Amino acid sequence: MRVLVVQNFDNTGLGQVGAALAEAGADLDVRLAYKGDALPRDATGHDAVVVLGGGQNALDDEDYPYFPALLELTRDFAGKDRAVLGICLGGQLVARAFGGENRIGGANEFGWRGVSLTPDAKADPVLSALPETFPIFQWHDDTFELPDDAVRLAGNDVAENQAFRVGRAVYGFQFHFEADRPLVKNWSSSFAPTIAARHPDWAGELEDEMARNGPDADAAGLAIARAWVATI
């Protein structure tokens, strides 16, 4: 199993997705696209692709000129019936790749927040085992409209579209299910000035928030990660 990982920003790791891929013995091909690493021309050499998050928006082709090629590559994976996973910015880019409208701003979430599954999620191979509602880590300002042929799988009152599927195994997630407590602590330290500017109480709240929401969120995130890996 060879999995392409497209990283779009500093310090955005695979977290629980990486743990699930390691359990499956996957060979990871990590491309730091935002630093100039070339993307593959097509999906031929890989069984799946993971597109990670980032601080930019999904329409920022001017500053990130590889975005159009990434969209085309995503469509090629889907066309070859190979698994696709987009998380946060990655999910927004997957939505864009299949015709969804990106909405910049107006959907601000940070920290552990609740999401609810849709009725369609109960029959979905990745989400069917999850509770109907669960807490999960969020960090985004933007949102998107679903592609016409997408199945909506989860949402909340801030972002109606929190998870979707296109076809058999193309998944986009707005929430950071990969971010378990160790990764959130890492982000809280690595991005401390950025977080403090908008959420000045976060440093003092982090431990209590982790204790309150972390166990359920980590369990949900790992279940999603393992179930998605099973689609590869």
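**View 1. In strand S9, alanine 154 stands opposite leucine 117.** This is a predicted model, in which local features need pLDDT of at least 70 and side-chain atom pairs count only at pLDDT 80 or more, while totals for chains, interfaces and linings use all residues. Residues are numbered from 1 along each chain as its sequence is written, and side-chain values use heavy atoms, with hydrogens and water left out. Strands (E, at least two residues) and helices (H or I, at least four) are DSSP runs numbered from the N terminus. Strand S6 (residues 109-117) and strand S9 (residues 150-155) run antiparallel and are joined by 2 bridges; two strands count as paired if DSSP finds at least two bridges between them.

View 2. S6 pairs with S7 in the antiparallel sense, over 8 bridges. Glycine 114 has proline 135 in S7 as its bridge partner. S9, for its part, is antiparallel to S10, and 4 bridges link the two. Look for alanine 150, whose bridge partner in S10 is valine 166. As a reminder, strands of a sheet pair through backbone hydrogen bonds, either parallel or antiparallel.

**View 3. Now for the whole sheet: 9 strands form an open sheet with mixed pairing.** Reading across, the order is S2-S1-S3-S4-S11-S10-S9-S6-S7. Strand S2 (27-32) and strand S7 (133-140) are the edge strands; each has a single partner strand, so one side of each is left without a neighbour in the sheet. On average, neighbouring strands are turned by 25 degrees against each other, direction ignored. For the parallel sense, look at strand S1 (residues 2-7) and strand S3 (residues 48-51), which pair over 4 bridges. Valine 6 has valine 51 in S3 as its bridge partner. Helix H3 (residues 89-97) packs on the sheet and touches S3, strand S4 (83-87), strand S10 (163-166) and strand S11 (170-173). The direction of H3 makes about 125 degrees with that of S4; such angles run from 0 to 180 degrees between N-to-C directions, and axes are lines fitted to C-alpha atoms, for helices over the stretch in contact.

**View 4. Helix H2 (residues 67-79) and H3 cross at roughly 70 degrees, and their axes come within 9 Å.** That makes H2 roughly perpendicular to H3 (65 to 115 degrees; under 35 is roughly parallel, over 145 roughly antiparallel, and the rest oblique). From H2, Phe67, Leu70, Leu71, Thr74 and Arg75 meet Leu89, Leu93, Val94, Arg96 and Ala97 of H3, where contact means heavy atoms within 4.5 Å. By class, this contact has 7 nonpolar, 1 polar and 2 charged residues. Ala, Val, Leu, Ile, Met, Phe, Trp, Tyr, Cys and Pro count as nonpolar, Asp, Glu, Lys and Arg as charged, and the others, Gly among them, as polar.

**View 5. Helix H1 (residues 15-23) packs with helix H6 (residues 202-229) at about 45 degrees, with their axes 8 Å apart.** H1 and H6 are therefore oblique to each other. On the H1 side you will find Gln16, Val17, Ala20, Leu21 and Glu23, and they meet H6 residues including Ala217, Leu222 and Trp228. This contact of H1 with H6 divides into 8 nonpolar, 2 polar and 3 charged residues.

**View 6. Arginine 226 and glutamate 23 form a salt bridge.** Their closest N and O atoms are 2.8 Å apart. Arginine 226 lies in H6 and glutamate 23 in H1, so the pair ties together parts that are 203 residues apart in sequence. The structure holds 15 salt bridges (a side-chain nitrogen of Lys or Arg within 4 Å of a carboxyl oxygen of Asp or Glu).

**View 7. Helix H4 (residues 181-190) packs with H6 at about 160 degrees, with their axes 10 Å apart.** H4 and H6 are therefore roughly antiparallel to each other. H4 passes H6 in a right-handed crossing. Arg181, Val184, Lys185 and Ser188 of H4 make the contact with H6 residues including Trp202, Leu206, Met210 and Asp218. The contact of H4 with H6 divides into 5 nonpolar, 2 polar and 4 charged residues.

Notes. Left-handed = near helix turned anticlockwise from the far one by under 90°.
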